Amino acid sequence: MTLDEPDALQAEVLGERRHLVSLAFRMLGTVAEAEDAVQETYIRWYRLSQEERDAIEVPRAWLTRAAGRVCLSVLSSARRRRERYVGPWLPEPVPAYAFPSSAPEDPLEHVTLDDSVSTALLVVLESMTPAERVAFVLHDVFAMPFAEIAEVVGRTPAACRQLATSARRRVQHSRARRASRAEHDKIVRAFASAARTGDVAGLVAVLDPEAVLRSDGGGVVSAALNPVSGADKIVRFLFGALRKNPRATVLEQETPDGLGFALWDEGRIIGVVTLEVAADLVTDVRMVMNPDKLTLWN
């Protein structure tokens, strides 16, 4: 070993942070939880002896497996924690554009129009078992072989393949019913036009009769504590919310889900709205108002 190899190894390990946060975010659904998981991953790395670290041929592979185990543990307790969450829990929305190079500390700097970080997909992932979610993300998003995934989830490679197949089936079913990006954005613009002009009938017309609105305020800001179901009720809720926030400005916003909306107040984004469209109708409206989930937007 040359004298500069330990420093080079440390730089290589620390250079994997963005990769690890990107992976953990898809596993856990919020940047804060992802960063905590990555911190725990690095703690596990530095708990190894120098000899153990030197024996690891591919640090990225070791770190990825370790992060997967940490996320699996977090997911196993997440349902219990979210039962105590105030109101509906939604995954954290992320911007659809790359962050400027002047902010290299942003962990999701290179997230673009990527369906694997869309709210719609993260909602589907939330419905999976922890093992299904980990297997799907590691294999289908990060191309990890099933033999290595087996080390993470503590099952055989064949069992991991079945987990990923089951998860993939759910994801494909969800994607198959969703509109194309062009169709999605057309319906969202019709939704925006009706809302902007106060056209109640027009807004009802673009909503599925059984559409559901979920508003995540996390108990920090005012939001609906229960899902709002049905087109008529959603319209009343939306117009009521606009009346209660006369200073807020609603602007169209690109998101990984397609066109959505950002709610601005005094130069800050106070809410991000994403919509799901199927059969030319809005089926789901997801409003994230919890400021802890909007840090990447501000």
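Colleague: Which residues does Val134 touch, not counting residues up to four places away in sequence?

Modeller: Keep in mind that this is a predicted model. Val134 is one of the residues with the most contacts inside the largest nonpolar core. Leaving out residues up to four places away in sequence, Val134 touches Met27, Gly68, Leu72, Leu75, Val152 and Val153.

Colleague: Which element gives the most to the largest nonpolar core?

Modeller: The core has 50 residues. Several helices each supply at least two residues, among them H1, H3, H5 and helix H9 (157–177). The element that gives the most, with eight residues, is H5.

Colleague: What kind of aromatic pair do Trp45 and Trp62 form?

Modeller: A search of the whole structure finds two aromatic pairs. In the pair formed by Trp45 and Trp62, the centres are 5.3 Å apart and the angle between the planes is 70°. Planes over 60 degrees apart count as one particular kind. The pair of Trp45 and Trp62 is therefore edge-to-face.

Colleague: How many residues apart are Trp45 and Trp62?

Modeller: Trp45 is in helix H3 (residues 31–47), while Trp62 is in helix H5 (residues 59–83). Both tryptophans are buried. The pair links distant parts of the chain, and the separation is 17 residues.

Colleague: The charged end of Arg82 sits over a ring; which residue has that ring, and how far is its centre?

Modeller: A charge counts as sitting over a ring only if, among other conditions, it is within 6 Å of the ring centre. The ring under the charged end of Arg82 belongs to Trp89, and the distance to its centre is 3.7 Å.

Colleague: Is Thr283 buried or exposed?

Modeller: Thr283 is found in strand E6 (residues 281–288). Its relative accessibility is 8%. The limit for this class is under 20%, so Thr283 counts as buried.

Colleague: With which side chain does the side chain of Thr283 make a polar contact?

Modeller: Beyond its neighbours within four places in sequence, Thr283 is in contact with residues including Arg177, Asp208 and Glu276. The polar contact, at 3.1 Å, is with the side chain of Asp284.

Colleague: How far apart in space are Glu12 and Val58?

Modeller: Glu12 lies in helix H1 (residues 5–14). In sequence, Glu12 and Val58 are 46 residues apart. From C-alpha to C-alpha, the distance in space is 9.9 Å.

Conventions. Residues numbered from 1 in each chain as written. Predicted model: local features only at pLDDT ≥ 70, side-chain atom pairs only at ≥ 80, totals over all residues. Heavy atoms only, no water. Helix = DSSP H or I, 4+ residues; strand = E, 2+ residues; numbered from the N terminus. Phe/Tyr/Trp six-rings, centres within 6.5 Å; stacked < 30°, edge-to-face > 60°. Buried < 20%, exposed > 50% of the residue type's maximum accessible area, 1.4 Å probe, protein only. Lys NZ or Arg CZ within 6 Å of the ring centre and 35° of its normal. Polar contact = N/O pair within 3.5 Å; in protein donor to acceptor, adjacent residues only side chain to side chain. Contact = heavy atoms within 4.5 Å. Core = buried A, V, L, I, M, F, W, Y, C linked by side-chain atoms within 4.5 Å.
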